[in-house]
Amino acid sequence: MIRVSGSAGERGLRVVSLAPLLDVAPAIPLHAFAAMAAFVLGAIQFAAPKGTLPHRTIGWLWVMLMLAVAASSFWIHQIRLWGPWSPIHLLSIFTLVMLPLGVWFAHRHRVAEHRRVIIGIFSGAVVVAGLFTLLPGRIMHAVVFGP
């Protein structure tokens with residue numbers, strides 16, 4: 001457990017516990033930890049200078065993390081709208097299609113297109129999808145806010 005505010009004797013103490021995330025099928029923690037790492041690296045990328053060796057290196061790490069996030073989602077079936085599938089799986093397909101395109105744009109020095117694709121993936125597949133994981137009844141809600 002990680003104490004996120006105050007000391008043990010203070011009122012309003014909240015404790016973050018990874019137990020709900022670690023007590024489930026392996027695809028879920030892989031998915032969650034890869035997504036959290038992709039969020040952090042993505043934020044670093046937006047703030048850092050572009051076109052440098054560190055930008056390219058972190059960019060490749062981010063792409064690998066996003067591939068892990070998208071691929072691992074196909075083994076997660078908590079929300080079932082169409083058989084075992086949900087709208088999040090459509091986002092995963094979109095991510096798997098757009099990631100190589102974003103890399104290709106960077107390789108071809110088509111900076112505006114590269115930026116648009118990567119910001120779109122980050123915004124939709126990391127930030128917006130990540131916010132939905134904080135809804136009540138979801139595992140990440142239990143991790144962050146408690147059971």
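Ser72 counts as buried, at 5% relative accessibility; buried means under 20% relative accessible area, exposed over 50%, and partly exposed in between, with a 1.4 Å probe and protein chains only. Ser72 is found in helix H3. Helices (H or I, at least four residues) and strands (E, at least two) are DSSP runs, numbered from the N terminus. The side chain of Ser72 makes a polar contact with the side chain of His31, at 2.9 Å. A polar contact is a pair of N or O atoms within 3.5 Å; within protein, one must be able to donate a hydrogen and the other to accept it, and residues adjacent in sequence count only if both atoms are side-chain atoms. Not counting residues up to four places away in sequence, Ser72 touches Ala27, Leu30 and His31, where contact means heavy atoms within 4.5 Å.

This is a predicted model, in which local features need pLDDT of at least 70 and side-chain atom pairs count only at pLDDT 80 or more, while totals for chains, interfaces and linings use all residues. Residues are numbered from 1 along each chain as its sequence is written, and side-chain values use heavy atoms, with hydrogens and water left out.

The protein has six helices and two strands, in the order β-β-α-α-α-α-α-α from the N terminus on. Of its 147 residues, 28% count as buried. Among contacts between residues at least 6 apart in sequence, 51% join residues at least 24 apart.

His31, the polar partner of Ser72, also belongs to the lining of the largest pocket. That lining has 37 residues, of which His31, Ala129, Gly130, Thr133 and Arg138 lie nearest the centre of the pocket. On a 1 Å grid over the protein atoms alone, a pocket is an open set of points where a 1.4 Å probe fits, with protein on both sides within 12 Å along at least five of seven lines; lining residues have an atom within 4 Å of a point. About 1000 Å³ of space lies in the largest pocket, a volume being the space filled by probe spheres set on the points, which are joined across faces, edges and corners. Helices H2 (27-47), H3 (53-72), H4 (87-107), H5 (111-132) and H6 (139-145) each supply at least two lining residues. The lining divides into 25 nonpolar, 11 polar and one charged. Here Ala, Val, Leu, Ile, Met, Phe, Trp, Tyr, Cys and Pro count as nonpolar, Asp, Glu, Lys and Arg as charged, and the others, Gly among them, as polar.

The second largest pocket has a volume of about 710 Å³. Of its 20 lining residues, Gly51, His55, Arg56, Ala106 and His114 lie nearest the centre. H2, H3, H4 and H5 give two or more residues to this lining, and the largest share, six residues, comes from H3. By class, the lining has nine nonpolar, eight polar and three charged residues.

The largest nonpolar core has 14 residues, of which Trp62, Met66, Leu99, Val117 and Ile121 touch the most other members. Such a core is a set of buried Ala, Val, Leu, Ile, Met, Phe, Trp, Tyr and Cys residues joined through side-chain atoms within 4.5 Å. H2, H3, H4 and H5 give two or more residues to this core, with the largest share, six residues, from H5. Leaving aside neighbours within four places in sequence, Val117 is in contact with Met98, Gly102 and Phe105. Apart from this core lies another of eight residues, among them Val16, Ile28, Ala32 and Met140.
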